[in-house]
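Open the model in your viewer and keep the selection tool at hand.

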Amino acid sequence: MIDKTTHYIQQDPEAAEVYKSLEEIGEELPTGSPRFVLLSYPLKSSDGRTQVPYMLLYYLPSACNDQMKMMYAGAKELMRSTSGVGRVIDITSLEDLEELQEEFDNKQ
């Protein structure tokens, strides 16, 4: 999350450090505030090898205010480049997270 006062990107103190499923992540995401989520999720490739890509979920719910949207949009590229992720996935709702889970399941 981004601290509104200092504009530092920091870990949400109320969030767990490691989640075991996308469903757990969805339960923790606030409905009115954006978040960045670093995600490493095991997937099987078509040749049977297990891959664990490193991704960034950029959660920007429509219910958040314009100031928060601008602050997170401005920090998105910084977060992507600093974390070294291979893919950025934009989501705006928990339904998007469910669709992502289905996409991952279909690659298994």
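Buried here means under 20% relative accessible area, exposed means over 50%, and partly exposed is in between, with a 1.4 Å probe and protein chains only. The model is a predicted one, in which local features need pLDDT of at least 70 and side-chain atom pairs count only at pLDDT 80 or more, while totals for chains, interfaces and linings use all residues. Residues are numbered from 1 along each chain as its sequence is written, and side-chain values use heavy atoms, with hydrogens and water left out.

**The whole chain**

Start with a cartoon view of the protein chain. Three helices and five strands make up its secondary structure; helices (H or I, at least four residues) and strands (E, at least two) are DSSP runs, numbered from the N terminus. Followed from the N terminus, the order of elements is α-β-β-β-β-α-β-α.

Now show the C-alpha trace. Along its principal axes the trace spans about 50 × 25 × 20 Å.

Of the 108 residues in the protein chain, 33% are buried. Among contacts with a separation of 6 or more, 56% are between residues 24 or more positions apart; contact means heavy atoms within 4.5 Å.

**Stop 1: D12 and R35**

Select D12, in the segment before α1 (22-28). D12 counts as buried because its relative accessibility is 16%. Which residues is D12 in contact with, leaving aside its neighbours within four places in sequence? They are M1 and R35.

The side chains of D12 and R35 are joined by a polar contact of 3.3 Å. A polar contact is a pair of N or O atoms within 3.5 Å; within protein, one must be able to donate a hydrogen and the other to accept it, and residues adjacent in sequence count only if both atoms are side-chain atoms. Neighbours within four places aside, the contacts of R35 include L57, Y58, Y59 and Y72.

**Stop 2: the ring cluster**

Next, select F36, Y58 and Y72, which ring pairs link into a cluster. Rings of Phe, Tyr and Trp (its six-membered ring) pair if their centres lie within 6.5 Å; planes under 30 degrees apart count as stacked, over 60 as edge-to-face and the rest as tilted. How many aromatic pairs does this rule give? The count is two.

One of them is the stacked pair of F36 and Y58, at 5.6 Å centre to centre with 20° between the planes. This pair links distant parts of the chain, with F36 in strand β1 (residues 35-40) and Y58 in strand β4 (residues 54-59), 22 residues apart. F36 is buried, with a relative accessible area of 10%, and Y58 is buried too, at 5%.

F36 also forms a tilted pair with Y72, at 5.2 Å centre to centre and 35° between the planes. F36 lies in strand β1 and Y72 in helix α2 (residues 66-83), so the pair ties together parts that are 36 residues apart in sequence. Y72 is buried, with a relative accessible area of 0%.

**Stop 3: D96**

Move to D96 in helix α3 (residues 94-106). Is D96 buried or partly exposed? At 22% relative accessibility, D96 counts as partly exposed. Its side chain reaches the backbone nitrogen of T92 at 2.7 Å.

**Stop 4: the nonpolar cores**

In soluble globular proteins, nonpolar side chains tend to be buried together. A nonpolar core is a set of buried Ala, Val, Leu, Ile, Met, Phe, Trp, Tyr and Cys residues joined through side-chain atoms within 4.5 Å. Select L22, L39, L97 and F104, the residues with the most contacts inside the largest nonpolar core, which has 15 residues. At least two residues of this core come from each of α1, β1, β4, β5 (87-91) and α3.

Centre the view on L39. Not counting residues up to four places away in sequence, L39 touches L22, I25, P53, Y54, M55, L57 and F104. Another core, of ten residues, lies apart from the largest one, and among its members are F36, Y72, M79 and V85.
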